[in-house]
Amino acid sequence: MDLNYVVKQLLNGLAAGSIYALVAVGYNMVYGILELINFAHGDIYMFGTFIALSLLLGHVPVILALLLACVAGGLIGMLVERVAYRPVRDAPRVVPMISAVGAALVLRNVAQLIWGTETMPFPEMFPTRMVQVGEIRFNTLQVIILVLALSLTGLFALIVRKTKLGKATRCVAQDIPAARLMGIEVNKIIQFVYFAGGFFGVAGGVLFSMYYAVWIGMGFLGTMKAWIACIIGGIGSLQGAFVGGLLLGITEAFISGFISSAYRDAICYAIVMVILVVKPTGIFGRQIAEKV
Amino acid sequence: MLALPKFVPNEYVFRILIAVIIDIPLALAQNLITGFGGMLTLGQAAFYGIGAYTSALLVLRLGAPWPVAFLAAGLVACLFGILLGFPCLRVGSDYLTLMTIGFGEIFHIIALNWMDLTRGPMGLPGVPPPQIGPIVFNTSTRQYYLYLAIACCCYLFMHRLTHSHIGRALIAIREDETAAATMGINIAYYKVLAFAFGTLWAGFSGSMLAHFLAFVGPMTFTLNESLFHMQMAILGGLGSLPGSVLGAAILVSAPQIFQPLYQYRMLLNGALMVILMAWRPQGIMGTSAAAKSARGQLRRQLRLFGRRAEAAGTSDECDPSAGQKQQ
């Protein structure tokens, strides 16, 4: 086996994986707070990425455009929570899940009406070039993506771990009635989490599009990748989602590099199914006792 | 229903009618798994597709007679359903949804890429119409009666099933798994059973589709198709068989009747899911079980809260349930 080829695939995997990690960390938190699968997560970030694209094509300064798009993503996240999740929060499990799928469908189809179904390239925001280090050639874009994704993930972790808001969030995730008794405004915290999830999701979506392209289907793809990353790492664990994202990216790169790129996603799903059956808690997850 | 073909103005309307009939078993199957079994599966399109491909391949490649192909379509789908059902039982309800979506995607990718068997995106054209002995069901009227008979069988089957001990066990599991287990209901057995019968009928439906369209292609069996099954089931009402029939009739025919809406149908269906869940989770004709238990949960929580407040007021004892996680 050619070592250079392996290193190249590893780099590809790390770049993609760091994006997955960024999206998965936000997804993980959104999941953790209500233990509701946010089917719309990917579609929120798809929507935000399209907004970023439109702003950039309209010659809005890069930083401002990205910031606006991220905020828009956060606001859409809050809107989805308010409209689709809050009214059914106390209903049996199946009800909010169906509602979530519905919200995802609405977002996707609205985006399709506005931007169409074409796959579009994302405008280049940084000059990129190929760099040769020793025997290995790689694109500077990959390095930029890796660094950006990792620092954004770090920022997110910092907010959750160190700020008062983050503390309140963790409290709500643990026990909603108790948090309420402690004077935490639960609904506000939940809104904040959905905002943060959307905000960092769009950041991930923009990086994803810089690496690949923008299209309607990237939303569903993102939801599934984030979910898979969370399962590999363990639901409910921040570092788990992070490591899961990186592992997923690397696994994918090696599957498409050495086995088959057509069957890449199928193999990934199969791996996840096996993980779910063998070790449903993932790498870092802990057993969550089911409520009786 | 039997006299309906007399009143059908043209072939186009006829084909929509048959499309409704083909979708009825799909809605019923989804309802069995989700409405009665309480499992949110979003992979029904895969079993629908397995049925369609099995039936088409058997007839086209091996020259099997239609009844054999039809039965095989259901049984093969059922076999895969059971195979998927077992690992699904080991995981919680959220993961079950993921696994079924994953299975659907795997099926779609294989159908798209296994050129030797499925001809990939080109699909399998030229699937002959159904034929029993000398009778060929090659006109819309004949196909209508054949498929109507099959759909009626499906309805009767589901009716008998849900009114038997199996249906009652499934409802018990849906309402409260722990309580059902305490009552001696073998949860795994009944859940796999629901999966097996649900996928069986999805497979039959797939065979009906293949011989109706005379074509099988991978683009029919996507996640959107699975979502459509879900929409039919929830519009009519989870846990209601007549509701599923109504849901299929409305959702299949409405975009055809209101043609300008056709391009917005996924948007509208999505909005329908959100609105229905918030406003009337039991659908048009559903048993109000889903809604009832939603209210019941709220009541339980209020009661618990009241008891806690009481305990806090009257004694210094710590309430052992205070630390329990609530949803």
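1. Two residues count as in contact here if their C-beta atoms, placed from the backbone, lie within 7 Å. The model is predicted. By that contact criterion, 41 residues of chain B meet 38 residues of chain A.

2. The largest share comes from H5(B), with 12 residues. By residue class, the side of chain B that touches chain A holds 23 nonpolar, 14 polar and four charged residues.

3. The largest nonpolar core has 191 residues. Its members that touch the most other members are A:Ala21, A:Leu22, A:Ala24, A:Ile98, A:Ala100, A:Ala229 and A:Cys230. Helix H1 of chain A, residues 3-34, gives the largest share of this core, 16 residues.

4. A:Ile98 deserves a separate entry. Besides being one of the core residues that touch the most other members, A:Ile98 reaches across to chain B, where it touches B:Leu40, B:Met230, B:Ile234, B:Met273 and B:Met277; residues up to four places away in sequence are not counted.

5. Chain A also contains a strand pair. S1 (residues 130-133) and S2 (residues 136-139) of chain A run antiparallel to each other and are joined by four bridges. Within the pair, A:Val131 of chain A faces A:Phe138 in S2(A).

6. Which residue in the hairpin of S1(A) and S2(A) takes a positive phi? A:Gly134 does, with a value near 60°, and the hairpin has two residues between the strands.

Notes: Residues numbered from 1 in each chain as written. Chains lettered and ligands numbered in written order. Predicted model: local features only at pLDDT ≥ 70, side-chain atom pairs only at ≥ 80, totals over all residues. Nonpolar A, V, L, I, M, F, W, Y, C, P; charged D, E, K, R; others polar. Core = buried A, V, L, I, M, F, W, Y, C linked by C-beta atoms within 7 Å. Buried ≥ 20, exposed ≤ 12 C-beta atoms within 10 Å, placed from the backbone. Pairing = 2+ DSSP bridges.
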